[in-house]
Amino acid sequence: MNTKFYFEIAGMFLIPLLVVLIPIFIGQRYGIYRAKKSADLQHTPVGAAVGAAFGLLAFMLAFTFQIAANRYDARKELLLDEVTNIRTAYLRAGLIPEPFRSETRKLLVEYVDLRIQLSSDASKLGLLMSRSQQILDRFWNYSENLGELDRSSENYALFISSVNDLVDNYNHRITMTLEYRIPIAILWVLFIIAFLSMLALGYQFGISGKGSFRINLLLGIVFAVVMFLILSLDRPETGIAKLNQKPMFTIQHQLQEMQLNSEK
């Protein structure tokens, strides 16, 4: 883990916290100032505006969380599809001749090992992605060679189909994990609404004289925790919101057993 990683994690919590605390403090100071200048301020309109603002903020939080949760579910489905594709490719490798058969199976075992290493140590992301891509490229080279040997073979076609599924799954998984993000416009709108809502709440605290630092801090922590969860789901490379890798461990164990049996 490097310094950049820790700064990113800290920023995912501290920025939402400051988005709450700063506007509440500003609004509270201004509310106290207005209350001193005009003792007959009406609190009811302010309360209604604060309620409406917080209703909109709750909607935006739910909307943003749904985007992140849907992407998490999509990554889980891709993991299950990948496990199925790996096992299918390993079995169909038995339909092709040597040396393609043994090399393919050996590389599939290494491919699974790389996936498990990535789930436990995200700092090796670039290296492990590079090696995974090399393995997939090797599989495709094998497919091209087999196609040149016999273009009408159904056995070769089944193996090539499995390789194609592996490549597609890899590209989908990388795109879903590292490239797709919550649109920056949605995050900006969410933070602007949060800032203005907390500004209005601080103003209400100021004119009513009921605000306190503990309440402000509590609101800030609650909002920061929710945003931290959303951003963690949106950035799986941080390793905070991890998928359950048990299916990948299961296929690793199964492939290792099949490799040992084939070598006997």
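How much space lies in the largest pocket? In this predicted model, the views below take up that pocket and several other places in turn.

**View 1. The largest pocket and the residues that line it.** About 440 Å³ of space lies in the largest pocket, and 23 residues form its lining, of which Leu118, Ser119, Thr177, Pro236 and Gln245 are the closest to its centre. The elements that contribute two or more residues to this lining are H2, H3 and helix H5 (154-179). Sorted by class, the lining of the largest pocket holds eleven nonpolar, six polar and six charged residues.

**View 2. The largest cavity, lined by residues that include Leu114 and Arg173.** The count of cavities of 30 Å³ or more comes to one, and the largest cavity holds about 40 Å³ of space. Its lining is made up of Leu114, Arg115, Leu118, Leu128, Met129, Ser132, Tyr170 and Arg173, with H3, H4 and H5 each supplying at least two residues. By class, five residues of this lining are nonpolar, one is polar and two are charged.

**View 3. The packing of helix H1 (residues 3-37) with helix H6 (residues 184-208).** Two packed helices are described by the angle between their axes and the distance between the axes. For H1 and H6 the angle is about 35 degrees, and the axes lie 6 Å apart, while the crossing of the two helices is right-handed. The contact of H1 with H6 involves 18 nonpolar, five polar and one charged residues.

**View 4. The cis peptide bond between Glu98 and Pro99.** Most peptide bonds are trans. The bond that joins Glu98 and Pro99, however, is cis, with omega at about 0 degrees, and Pro99 is found in the loop between helix H2 (44-92) and helix H3 (100-120).

**View 5. Ser153, in the loop between helix H4 (125-149) and H5.** Ser153 counts as buried because its relative accessibility is 16%, which falls under the 20% limit for that term. From this loop position, the side chain of Ser153 reaches the backbone nitrogen of Asn155 at 3.4 Å.

**View 6. Asn171, a residue of helix H5.** Asn171 counts as partly exposed because its relative accessibility is 37%, a value in between the limits of 20% for buried and 50% for exposed. Although Asn171 and Gln133 are 38 residues apart along the chain, their C-alpha atoms are separated by 9.7 Å.

Terms used. Residues are numbered from 1 along each chain as its sequence is written. This is a predicted model: local features need pLDDT of at least 70, side-chain atom pairs count only at pLDDT 80 or more; totals for chains, interfaces and linings use all residues. Side-chain values use heavy atoms; hydrogens and water are left out. Helices (H or I, at least four residues) and strands (E, at least two) are DSSP runs, numbered from the N terminus. On a 1 Å grid over the protein atoms alone, a cavity is a set of points where a 1.4 Å probe fits but cannot get out, and a pocket is an open set with protein on both sides within 12 Å along at least five of seven lines; lining residues have an atom within 4 Å of a point. Grid points are joined across faces, edges and corners, and a volume is the space filled by probe spheres set on the points. Ala, Val, Leu, Ile, Met, Phe, Trp, Tyr, Cys and Pro count as nonpolar, Asp, Glu, Lys and Arg as charged, and the others, Gly among them, as polar. Axes are lines fitted to C-alpha atoms, for helices over the stretch in contact, and angles run from 0 to 180 degrees between N-to-C directions. A crossing is left-handed if the near helix is turned anticlockwise from the far one by less than a right angle, and right-handed if clockwise. Buried means under 20% relative accessible area, exposed over 50%, partly exposed in between (1.4 Å probe, protein chains only). A polar contact is a pair of N or O atoms within 3.5 Å; within protein, one must be able to donate a hydrogen and the other to accept it, and residues adjacent in sequence count only if both atoms are side-chain atoms.
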